[in-house]
Amino acid sequence: MAKKGKFYVVWKGKKPGIFDSWAACKAAITGYAGAEYKSFESFDIAKKAYNGNYADYKGKKKTASTLSKEELLKMGLPNYHSISVDAASSGNPGVMEYQGVDTKTGKKLFRQGPFPQGTNNIGEFLAIVHGLAFLKERNSDRIIYTDSRTAMSWVRKKNCNTKLTESNKNKDLFELIRRAVDWLKKNQYNTVIVKWETKAWGEIPADFGRK
């Protein structure tokens, strides 16, 4: 059975090639000035990219998918009356930051971090809550896109169910988490939170482009 998950192409690095994990990719580029790398949704797409030029893929949204035309038609197009949120973490835990952008234009609406010790799930959770507060403050009826089902679940349950232990290194982040949870418990909102369909639409517009 074919492996599911992302594949990472390294055009320039300590060890160019195609890798099936971020850890392997990171080892191949860490400490290499001017490394060129990007992730793809399938091995076939990654192989095609590796045999091509980095310039042809740099800055572009990742190729959507192996979905059939019928599946793509069923999913339709994104609702551009929306904002998109995402987070990036250099490890688990690691340096983390998150941001929200206008889905159609990519204009940055807010950004927080980097925090010295956090996780991607925490960042995704905080990004959604920040987005909810951002839209409520402006009385906006736009929706929020996220590519994290985990973060959507945490927001729905009004609880950041992280296993990360609070310490002096991440105390500021945990204070932000407490504020986010408190906001969810004290505020009502009508904003719809929707899962971004990466396989159909490519990477979410708020993606940091580091994976």
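## Residues with positive phi

At 32% relative accessibility, Lys158 counts as partly exposed, a class that runs between buried (under 20% relative accessible area) and exposed (over 50%), computed with a 1.4 Å probe on protein chains only. Lys158 sits in the loop between H5 and H6, where helices (H or I, at least four residues) and strands (E, at least two) are DSSP runs numbered from the N terminus. The model is predicted: local features need pLDDT of at least 70, side-chain atom pairs count only at pLDDT 80 or more, and totals for chains, interfaces and linings use all residues. Residues are numbered from 1 along each chain as its sequence is written, and side-chain values use heavy atoms, with hydrogens and water left out.

Phi of Lys158 is near 55°, a positive value in a residue other than glycine. Asn139, which is not a glycine either, has a positive phi of about 50°. Asn139 belongs to the loop between H4 and strand S7 (143-146) and is exposed, with a relative accessible area of 72%.

## A cis peptide bond

The bond from Gly113 to Pro114 is cis, with omega near 10°. Pro114 is part of strand S6. Most residues other than glycine have a negative phi, and most peptide bonds are trans.

## Overall composition

The protein has seven helices and eight strands. Of its 211 residues, 45% count as buried. Among contacts (heavy atoms within 4.5 Å) with a separation of 6 or more, 63% are between residues 24 or more positions apart.

## Nonpolar cores

A nonpolar core is a set of buried Ala, Val, Leu, Ile, Met, Phe, Trp, Tyr and Cys residues joined through side-chain atoms within 4.5 Å. The largest core has 31 residues, and those with the most contacts inside it are Tyr98, Ile122, Phe125, Leu126 and Ile177. Two or more residues come from each of S4, strand S5 (94-102), strand S6 (108-118), helix H4 (120-137), helix H5 (149-157) and helix H6 (171-186). H4 gives the most to this core, with nine residues.

Beyond four places in sequence, Ile122 touches Met96, Trp154, Cys160, Thr162, Leu164, Leu173 and Ile177. A second, separate core of nine residues includes Trp11, Phe40, Ile45 and Tyr54.

H4 and H6 pack at an angle of about 50°, with their axes 10 Å apart. H4 is therefore oblique to H6. For these values, axes are lines fitted to C-alpha atoms, for helices over the stretch in contact, and angles run from 0 to 180 degrees between N-to-C directions. Angles under 35 degrees count as roughly parallel, over 145 as roughly antiparallel, 65 to 115 as roughly perpendicular and the rest as oblique. H4 passes H6 in a left-handed crossing, in which the near helix is turned anticlockwise from the far one by less than a right angle; clockwise gives a right-handed crossing. On the H4 side the contact is made by Ile122, Phe125, Leu126, Val129, Leu132, Ala133 and Lys136, and on the H6 side by Leu173, Leu176, Ile177, Ala180, Val181, Trp183 and Leu184.

The axes of H4 and H5 come within 8 Å and cross at roughly 55°. H4 and H5 are therefore oblique to each other, and their crossing is right-handed. In H4, Asn121, Ile122, Glu124, Phe125, Ile128, Val129 and Leu132 meet Thr150, Ala151, Met152, Trp154 and Val155 of H5.

## Ser82

Ser82 is in strand S4 (residues 82-89) and, at 0% relative accessibility, counts as buried. A polar atom of the Ser82 side chain lies 2.5 Å from the backbone oxygen of Asn79. Not counting residues up to four places away in sequence, Ser82 touches Asp102, Thr103, Arg142, Ile143 and Tyr145.

## Tyr57

Tyr57 lies in the loop between helix H2 (43-50) and helix H3 (69-75). Its relative accessibility is 17%, and Tyr57 counts as buried. Leaving aside neighbours within four places in sequence, Tyr57 is in contact with Trp11, Lys38, Phe40, Lys48 and Ala49. Lys38 is 19 residues from Tyr57 along the chain, and their C-alpha atoms are separated by 8.0 Å. Of the Tyr57 partners, Trp11 and Phe40 are included in the second core.

Notes:
A polar contact is a pair of N or O atoms within 3.5 Å; within protein, one must be able to donate a hydrogen and the other to accept it, and residues adjacent in sequence count only if both atoms are side-chain atoms.
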